[in-house]
Amino acid sequence: MTLSTLSPLRCPAPVAPLLPVVGRDTRVPLAQGGSTTYANLDNAASAPALTSVATRVAQVLPHYASVHRGAGYLSRVSTALFEQARAEVGTFLGARPDDVVVFTRSTTDALDLLARAVPQGSRVLVADVEHHANLLSWQRSALTTVLRGGSDAEETATLLEAELARGGYALLAVAGASNVTGEVLPLRRLARAAHAAGARIAVDGAQLLPHRRVDLGRDGIDWIALSGHKLYAPYGAGALVGRRDWLDAADPYLAGGGATLDVRHDAVRWATGPDRHEAGSPNVLGAVALAQACSTLATLAPGALEAHEEALRERLVGGLTALAGVEVVRPHPDDAVGVVTFTVPGRSVSEVAAFLSAEHGIGVRDGRFCAHRFADSLGLADGGLRVSTGVGTGSAEVERLLAAVEQFVGAGPELEYGIVAGHWGPTTDARPEPASFLPAPGADADLG
């Protein structure tokens, strides 16, 4: 198979990956036969593990034991690792001395925890541009106002400021960066507006933190929620970091061991601080992985992360915009992370995504990205194609994508596509079933 050479706006210089990640050289089969190195351009959904994270987990695993309630030496080691991870995550986020780091399963889990801790009768303000994780948690309450977002991040921020000034809100909940367009909201400015109106601010940091540093104290943020699987630590842990008063006053998120000080037949004394909301045996390895990811990202030189993704995003937007038959959604925001969404009008986004995967070994995301209200407002009722870069992405993956999309809108796919078993895919596919792709334990993969 020969691809045409994309000439418009060719990247002036190669961009290398910023940090090593696990699986960068993984090969995947192609529907027309043979194999290729996988091009992961779906980092916004789940990012691969940093190599440093996988190494740290492998170091810790032999020492894994129970946490907090064991007298054995390895139990004490695991407890120390768990609490050290808590401190490292707090340091990475600029937590204030009295802030708490509560380990959760994910950003969604963390925001649901905070939603349950909002004092009864409090009003919450949120915009309809949010990911479902930061919309549905608050939308359950009749006291939540869902504001229609603006035509861009700047207008949305202005609308939020105006609504806050009307008074009566206890909390503003916003995403740091959009998972649809990559746009970044001015968090310091919104924090000032919230505090001036007597409210607090909670930030969904899932898409922001892999791309930008946040300092809770400096930026005036009261809480931030995050996921390890977005932050190069896909081991099942997330966190809610911020002020402790609402959390200490709230009912425990889970009722169980570790969240109590004393249990009697007629009364329970609950713990305060993180223990109050971390009942059960905690995910020690997930916490360690998350902390290691934070520590590794903190070693990057100031501005390195932004420069890396800006170069990749500029090439993506420029290359896609240059292709006839391709439309980029909000291509030039004032500030954006490495997330670019586009469509091929007249063609199903799921067909395009299936083509990219089947014939080119490229992974992107298609659909409405768990942000249905926002996607609909952008004219993406039938979905879009999202390309998302990360620290393990280089210009080679971007060039492969641009060449593949050029083929799709120009010469067209080599194979025929249709709905196969409920999903778009090639009608003739030489690839093994995904469930049988990995070799049996102890065997080696052979992709030819």
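Here are some notes on this predicted model, point by point.

1. **Ground rules.** Because this is a predicted model, local features need pLDDT of at least 70 and side-chain atom pairs count only at pLDDT 80 or more, while totals for chains, interfaces and linings use all residues. Residues are numbered from 1 along each chain as its sequence is written, and side-chain values use heavy atoms, with hydrogens and water left out.

2. **Helix α13.** Start with α13, which covers residues 395–409. Helices here are DSSP runs of H or I with at least four residues, strands are runs of E with at least two, and both are numbered from the N terminus. The 15 residues of α13 should span 21 Å at 1.5 Å a residue, and the end C-alpha atoms are 21 Å apart, which agrees. (The expected span is 1.5 Å times one less than the number of residues.)

3. **How enclosed is α13?** 12 of its 15 residues are buried, so α13 is largely enclosed by the rest of the structure. Buried means under 20% relative accessible area, exposed means over 50%, and partly exposed is in between (1.4 Å probe, protein chains only). Among the elements covering those buried residues are α10, β14, α11 and β17.

4. Val-409 is partly exposed, with a relative accessible area of 29%. If you skip its neighbours within four places in sequence, Val-409 touches Ala-324, Gly-325, Val-326 and Val-344. Contact means heavy atoms within 4.5 Å.

5. The structure holds 4 aromatic pairs. In one of them, the ring centres of Phe-355 and Phe-408 are 5.1 Å apart and the planes sit at 50°, so this pair is tilted. Phe-355 belongs to helix α11 and Phe-408 to helix α13, 53 residues apart. Phe-355 also pairs with Tyr-417: centres 6.4 Å apart, planes at 70°, so that one is edge-to-face. For the cut-offs, rings of Phe, Tyr and Trp (its six-membered ring) pair if their centres lie within 6.5 Å; planes under 30 degrees apart are stacked, over 60 edge-to-face, and the rest tilted. Ring pairs link Phe-355, Phe-408 and Tyr-417 into a cluster.

6. **An open sheet.** Take a look at the 4 strands in the order β13-β14-β17-β16, which form an open sheet with antiparallel pairing. β13 and β16 stand at the edges with a single partner strand each, so one side of each has no neighbour in the sheet. β16 and β17 pair over 3 bridges, and Gly-367 has Gly-384 as its bridge partner in β17. Two strands pair if DSSP finds at least two bridges between them.

7. **Strand β4.** 5 of the 5 residues of β4 (residues 100–104) are buried, so this strand is largely enclosed by the rest of the structure. Val-100, Val-102 and Thr-104 point one way, and Val-101 and Phe-103 the other way. β4 runs antiparallel to β10, joined by 5 bridges, and Thr-104 stands opposite Gly-238.

8. Which residues other than glycine have a positive phi? Arg-330, near 45°, is one, and this residue lies in the loop between β13 and β14. Cys-370, near 55°, is another, found in the loop between β16 and α12.
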